[in-house]
Amino acid sequence: MEALRFEPRRRGYHALARQLFAVMRPGRQFIGGRWLDGEGETMDIVNPANGEKLTTVADASPEQVDAAVACARKALEGPWARMSAVERERILWRISERIEQKALELACLESLNNGKTVTEALRGDLPPAWDIFRYYAGWARKIEGETIPVDGPHLAMTLREPVGVCGAIVPWNYPLLMASWKLAPALACGNTVVLKPSEFTPLTALELGRIFEECELPPGVVNIVTGRGGSVGQCVAGHDGIDKLAFTGSVTTARKLMHAAADSNLKRLSLELGGKSPNIIFPDADLDVATEAAWKAIFANKGEICNAGSRLLVHRSIYGDMVER
């Protein structure tokens, strides 16, 4: 999708969506640098604002997950391993620039698929998404080991190496941003990834696959498989060919993933499961600023934030003022 110029207010989001979907072909899986038709059941992707069907994506088959893992392993041991840290840095930087260039298109797509406003996506989703790739681009050639003093004529050193093939399962509240947060550090460190977006909001992750193509990320370094958590997600979590799993979502799902990881190859797990996050306001605070910050902390993104300010602890001397505000 090159140099499209959108005027969403005048032309309507659905006209925009048709252009996006015509180029994306979102029913496909991105495996080994190729777009492949799904082999499992299909799922309707809807606009949560009005329930209207946007498009259809595939529920990837176990064989397609196997293929994605095999392609990730091949890339890990092949072109990605041979690529210098400087080259990885340049690719991540190009990805960052391309996300920034396509910010409006991605924001409109996120709005249609997730339900947040275009303004919210442009302010809260897109800038951190391109910034995380830019940040970790700089880290690609700053990952160092250590030499350790030992007795005798010996040399002891540590060498940092990629973990391997990583599985990444992301939620629906910040689809593109959460994918970027998991992908950028993994790629900077030389890992390869099998990404499974939420079954409800896969569209910006698929568009991210097109960005990887444009930025000449070697085939297989990132593979994107769509589908339901109970099928595709469970398959990723329990796959012996995946060395580490990163997940953001519910405690209930995390327990299932822990069981799947333990029953397979005892893969490493990173789990971000949200929590109850207190805002604390003291008497000497600027109450105008504190009120706005507390409101945004719980109601931004409709409150669907992993660290939403779901409790407000206020000193008793300003309690009445804060309640009124």
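Lysine 302 is exposed, having a relative accessible area of 56%, where exposed means over 50%, buried under 20% and partly exposed in between (1.4 Å probe, protein chains only). The model is a predicted one, in which local features need pLDDT of at least 70 and side-chain atom pairs count only at pLDDT 80 or more, while totals for chains, interfaces and linings use all residues. Residues are numbered from 1 along each chain as its sequence is written, and side-chain values use heavy atoms, with hydrogens and water left out.

Lysine 302 sits in the loop between helix H12 (287-299) and strand E13 (311-314); helices (H or I, at least four residues) and strands (E, at least two) are DSSP runs numbered from the N terminus. Although not a glycine, lysine 302 has a positive phi of about 60 degrees. Leucine 266, also not a glycine, has a positive phi of about 55 degrees. The loop between helix H11 (251-263) and strand E11 (268-272) holds leucine 266, which counts as exposed at 68% relative accessibility.

Turning to the helices, two packed helices are described by the angle between their axes and the distance between the axes. Here, axes are lines fitted to C-alpha atoms, for helices over the stretch in contact, and angles run from 0 to 180 degrees between N-to-C directions. The axes of H5 (residues 85-101) and H7 (residues 118-139) come within 8 Å and cross at roughly 165 degrees. That makes H5 roughly antiparallel to H7, a label for angles over 145 degrees, with under 35 counted as roughly parallel, 65 to 115 as roughly perpendicular and the rest as oblique. Trp93 and Ile99 are among the H5 residues that meet H7, whose partners include Trp130 and Phe133; contact means heavy atoms within 4.5 Å. By class, this contact of H5 with H7 has ten nonpolar, two polar and four charged residues. In this scheme Ala, Val, Leu, Ile, Met, Phe, Trp, Tyr, Cys and Pro count as nonpolar, Asp, Glu, Lys and Arg as charged, and the others, Gly among them, as polar.

H7 also meets H8 (residues 175-188), with axes that come within 9 Å and cross at roughly 0 degrees. H7 is therefore roughly parallel to H8. The contact of H7 with H8 has 13 nonpolar, two polar and one charged residues.

Among the strands, E3 (residues 42-46) and E4 (residues 53-58) pair in the antiparallel sense over five bridges, pairing being assigned if DSSP finds at least two bridges. The two strands form a hairpin with six residues between them, and glycine 51 in the turn has a positive phi of about 75 degrees.
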